[in-house]
Amino acid sequence: MGLIKKLRKLRDRLTGSRLNRGRTLAPRARRAIERGLREGKFDAPTAEYLRAHLPFLINQKRVANLAFFCGNTKARTLLGLKREDVEQNPVAFYEKIKAWEKDGIFDFKGIRLLEPDSKEDIRLFAHEFIDNLLPAVIGRDQYDIVRGLGLEGPYEVGKVRLSPGDVVVDAGANMGMFSALAARAGCRVLAFEPITHVREKYLLKNAELNGNIEILPYALSDRREEPQFCFDEKNLGASCRADDVQEWSSGASAVETVQAVTLDDIVRDRGIARIDFIKADIEGSERRLLLGAKNVLKNFAPKLSLCTYHLPDDRMVLKKIILEIQPEYRIVQRESKLYASVK
């Protein structure tokens, strides 16, 4: 019997009913399993099996265990991995996925990425792998069971999915992990990354390794401008507009003046026929991106996957902007990301 069927059967036995016939464990079933483990109601083999495969929540907001339902031998090495393993000891986590690396290149089922060369880059790589690539490695149907249990959550949820032929905007491309994922899915990718150091260190090579990725050296905004960006040369995941996060930017190790454009202008000037998917992790500038993409949202209604944890009012402001521009959007808010699509 497959892993998913085993857990469904156990769930139904513990709760006395067939709850949630879909692929996710119902909260009531999960709580019953956790309670059974705490109270010693399972024999030793069953308890060991459950502890290896069931993610536990230590409270309503944060995840203590990044255990996964794995679909192949390599991915099984990730079982039992704890959140603190990634945050406090990324090198240990990184070693768990080294099986996919050869001659300095990772190959995750056709998604090819340059090996990171520093501890800070390994930390970023580990975080991005969990949220971006793990579903592709172990299978989306199995990852859906534990979706949202990553550090920030995946960019594909529900109807917000990459489809072959999609024209995808990757705003804040960074290393290019999501761009590579989209390219492997058969999409054409427009990868926006304004920081020269980030582009040159990994993004250019990763785009070359995967193909169908066009790098655009711009920030996306609500107007054409030349803002200053603060960044840390030792931490590729830390960059933002100097006027967005003053507390952080005061401790930046470098500053770069970049070109900012609107997505509407890019689409018009390049004669792009449509935009199908927008992913954005741009450190608080997501609202500027939306305001500079009014025509794109009105005319194409692309699927949206936006980070909502950079500014305190991100959730409220981004939802308001989206619905004012295109009222037909249906929005789902999860802990760290907003997902939107039109029926």
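Strand 9 gives the largest share of the lining of the second largest pocket, with 7 residues. The model described here is predicted. Strand 9 covers residues 235–241. Other elements also contribute to the lining. Helix 7 (119–138), helix 9 (177–184) and strand 7 (219–220) each supply at least two residues.

By residue class, the lining divides into 21 nonpolar, 10 polar and 10 charged residues. The space in the pocket amounts to about 670 Å³.

Helix 9, one of the elements that line the pocket, is mostly covered. Of its 8 residues, 7 are buried. These buried residues are Met 177, Phe 178, Ser 179, Ala 180, Leu 181, Ala 182 and Ala 183. Just after the helix comes Gly 186, which takes a positive phi of about 90°.

Helix 9 also meets a sheet. This sheet is open and has 3 strands, in the order 1-2-3, with antiparallel pairing. Strand 1 (101–102) and strand 3 (111–114) stand at the edges. Each has a single partner strand, so one side of each is left without a neighbour in the sheet. In general, strands of a sheet pair through backbone hydrogen bonds, either parallel or antiparallel. Strand 2 spans residues 105–108 and pairs with strand 1 over 2 bridges, in the antiparallel sense. Glu 101 has Phe 106 of strand 2 as its bridge partner.

Two helices pack on this sheet: helix 9 and helix 10, residues 196–210. Helix 9 touches strand 2 and strand 3. The direction of helix 9 makes about 155° with that of strand 3. Helix 10 likewise touches strand 2 and strand 3. For helix 10, the angle with the direction of strand 3 is about 150°.

These elements belong to a protein chain with 15 helices and 15 strands. The chain has 343 residues, and 54% of them count as buried. Contacts along the chain were also examined by sequence separation. Among those between residues at least 6 apart in sequence, 60% join residues at least 24 apart.

Methods
Residues numbered from 1 in each chain as written. Predicted model: local features only at pLDDT ≥ 70, side-chain atom pairs only at ≥ 80, totals over all residues. Heavy atoms only, no water. 1 Å grid on protein atoms, 1.4 Å probe; cavity = no way out; pocket = protein on both sides within 12 Å on 5 of 7 lines; lining within 4 Å. Points joined across faces, edges and corners; volume = space filled by probe spheres on them. Helix = DSSP H or I, 4+ residues; strand = E, 2+ residues; numbered from the N terminus. Nonpolar A, V, L, I, M, F, W, Y, C, P; charged D, E, K, R; others polar. Buried < 20%, exposed > 50% of the residue type's maximum accessible area, 1.4 Å probe, protein only. Pairing = 2+ DSSP bridges. Contact = heavy atoms within 4.5 Å. Axes fitted to C-alpha atoms, helices over the stretch in contact; angles between N-to-C directions.
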